[in-house]
Amino acid sequence: MPRHRRSSCRKHTRRRLSARRSAMRFESLESRRVLATYFVDTTVDDLSGVCAADDPAGNNSCSIYAAIMAAEANPGADTIRIPAGTYVPDNSGGFDVEGPGDLTFVGDVANPEAVVIDGIDSFRLFDMFSADSSTLTIRFEGMTLRNGIALDGSGGGAIN
């Protein structure tokens, strides 16, 4: 008789475990974007370039401006890597950064003079705008910002 009880208890325990396992469900999470890195591959300031996130081989004339636009389309913090060279924003002015996430510009950290963003004494280099009332954090690493000028009187020849 004791044997029968043990067997009965084991079956009951197995049923409870089986019921618990079948009750567990996996729910899919909403799609999310993660930190992306964009690799600039041209010194020409061209908005029509293509910048592939995390894949420099997928680029087609990825300018600083095109990389900013790609980063703005990707919610969350992003990085733009800029190789050695001199970059002059086009005649319409400097680069506008409008969020929605934090952005880090990285040049040549070992040699900041190798990456130059030059306003040629004609315009401000960067204008920062927050897409909403949140704080926008922009970082610059390993580059030289020079010859920017604020013609509109709002201050900040390099960054406003």
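**The disulfide and its surroundings**

Tutor: A disulfide joins Cys-51 to Cys-62, with the two sulfur atoms 2.0 Å apart. Please keep in mind that this is a predicted model.

Student: How many disulfides does the count come to?

Tutor: The count comes to one disulfide.

Student: Where do Cys-51 and Cys-62 lie?

Tutor: Cys-51 is in the loop between strand 1 and helix 2, and Cys-62 is in the loop between strand 1 and helix 2 as well; they are 11 residues apart.

Student: Is the disulfide right-handed or left-handed, and why?

Tutor: The torsion about the S-S bond of Cys-51 and Cys-62 is about 105°, so the disulfide is right-handed.

Student: Cys-62: buried or exposed?

Tutor: Cys-62 is buried, as its relative accessible area is 0%. Cys-51 also counts as buried, at 13% relative accessibility. The cut-off for buried is under 20%.

Student: What about Asp-54, where does that residue lie?

Tutor: Asp-54 lies in the loop between strand 1 (36–39) and helix 2 (64–72). Its phi is positive, about 60°, although Asp-54 is not a glycine.

Student: Why does Asp-54 count as partly exposed?

Tutor: Asp-54 counts as partly exposed because its relative accessibility is 49%, and that class runs between the 20% and 50% cut-offs.

Student: Changing topic: which residues does Thr-37 touch?

Tutor: Leaving aside residues up to four places away in sequence, Thr-37 touches Ala-52, Ala-53, Asp-54, Thr-79 and Arg-81. Thr-37 itself lies in strand 1 and is buried, with a relative accessible area of 16%.

Student: And how far apart are Thr-37 and Phe-105?

Tutor: They are 68 residues apart in sequence, and 9.8 Å apart in space from C-alpha to C-alpha.

Student: What does the secondary structure of the whole chain come to?

Tutor: The protein chain has two helices and nine strands. Along the sequence, they follow the pattern α-β-α-β-β-β-β-β-β-β-β.

Student: How much of the chain is buried?

Tutor: Of its 160 residues, 31% count as buried. The accessible surface comes to about 10200 Å², and 50% of that belongs to carbon and sulfur atoms.

Methods. Residues numbered from 1 in each chain as written. Predicted model: local features only at pLDDT ≥ 70, side-chain atom pairs only at ≥ 80, totals over all residues. Heavy atoms only, no water. Helix = DSSP H or I, 4+ residues; strand = E, 2+ residues; numbered from the N terminus. Buried < 20%, exposed > 50% of the residue type's maximum accessible area, 1.4 Å probe, protein only. Areas by Shrake-Rupley, 256 points an atom, 1.4 Å probe, with all protein chains shown as cover. Contact = heavy atoms within 4.5 Å. Disulfide = S-S within 2.5 Å.
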